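These notebook entries record what I looked up in one structure. I kept them in the order in which I worked.

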Amino acid sequence: QVQLVESGGGLVQPGGSLSLSCAASGSIFRIIAMGWYRQAPGKERELVARINSGRSTSYGDSVKGRFAISGDNSLNTVYLQMNSLEPEDTAVYYCNAYVYTDYTTWDEYWGQGTQVTISS
């Protein structure tokens, strides 16, 4: 099994910054990709940012230019730097990972989520 533990959520004023981190542990043979999704009340879960083992990144349209995803060498820990935060960024942020647990077996994993609230 693989566990994802998120940290760094909280309350920030509009225009502020916040950094999230996600640490993966457990039966990890190789991490394929890690990313962040978010879900606001009454809305579907959406991609925020993703990084793969080749260090390619992708972002949701609403966060391009404001958010940046990065990770350590093995991608066991990824970070999401969020700048110029807006009330519309308020959501529960979930860490997501695609992981090989051996040479041939891979699966998708989710963290439990961390609340991010943007409000004055």
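**Entry 1: tyrosine 93.** I began with the contacts of tyrosine 93 in this predicted model. Leaving out residues up to four places away in sequence, I found that tyrosine 93 touches Glu6, Leu20, Trp36, Tyr37, Arg38, Val48, Phe67, Leu80, Met82, Gly113, Thr114 and Val116.

**Entry 2: the nonpolar core.** I then looked up the largest nonpolar core, which has 30 residues. Tyr93 is one of the members that touch the most others, together with Leu4, Met34, Trp36, Leu80 and Met82. I noted that β1, β3, β4 (30-39), β5 (46-52), β7, β8 (77-82), β9 and β11 (114-118) each supply at least two residues of this core. The strand that gives the most is β9, with five residues. As a general remark, nonpolar side chains tend to be buried together in soluble globular proteins.

**Entry 3: arginine 38.** Among the contacts of tyrosine 93 I had listed Arg38, and I turned to that residue next. Arginine 38 belongs to strand β4. Is arginine 38 buried or exposed? Its relative accessible area is 5%, under the 20% cut-off, so I recorded arginine 38 as buried. Its side chain makes a polar contact of 2.7 Å with the side chain of glutamate 46, and another of 2.9 Å with that of aspartate 89. Setting aside neighbours within four places in sequence, I found arginine 38 in contact with residues including Glu44, Arg45, Val48, Ser62, Val63, Phe67 and Ala91.

**Entry 4: the disulfide.** I searched the whole structure for disulfides and found one. Cysteine 22 and cysteine 95 form it, with their sulfur atoms 2.0 Å apart. Cysteine 22 lies in strand β3 (residues 18-26) and cysteine 95 in strand β9 (residues 91-100), so the pair ties together parts that are 73 residues apart in sequence. The torsion about the S-S bond is about -85°, and the disulfide is therefore left-handed. Cysteine 22 is buried, at a relative accessible area of 0%; cysteine 95 is buried as well, also at 0%.

**Entry 5: the sheet containing β3.** In which order do the four strands of the open sheet lie? I read the order as β1-β3-β8-β7, with antiparallel pairing. The edge strands, β1 (2-7) and β7 (67-71), each pair on one side only. On average, neighbouring strands of this sheet are turned by 15° against each other, direction ignored. I also checked β1 against β3: they pair in the antiparallel sense over six bridges. As a last item, I noted that valine 5 has alanine 23 in β3 as its bridge partner.

Technical notes. Residues are numbered from 1 along each chain as its sequence is written. This is a predicted model: local features need pLDDT of at least 70, side-chain atom pairs count only at pLDDT 80 or more; totals for chains, interfaces and linings use all residues. Side-chain values use heavy atoms; hydrogens and water are left out. A disulfide is a pair of cysteine sulfur atoms within 2.5 Å. Buried means under 20% relative accessible area, exposed over 50%, partly exposed in between (1.4 Å probe, protein chains only). Two strands pair if DSSP finds at least two bridges between them. Axes are lines fitted to C-alpha atoms, for helices over the stretch in contact, and angles run from 0 to 180 degrees between N-to-C directions. A nonpolar core is a set of buried Ala, Val, Leu, Ile, Met, Phe, Trp, Tyr and Cys residues joined through side-chain atoms within 4.5 Å. Contact means heavy atoms within 4.5 Å. A polar contact is a pair of N or O atoms within 3.5 Å; within protein, one must be able to donate a hydrogen and the other to accept it, and residues adjacent in sequence count only if both atoms are side-chain atoms.
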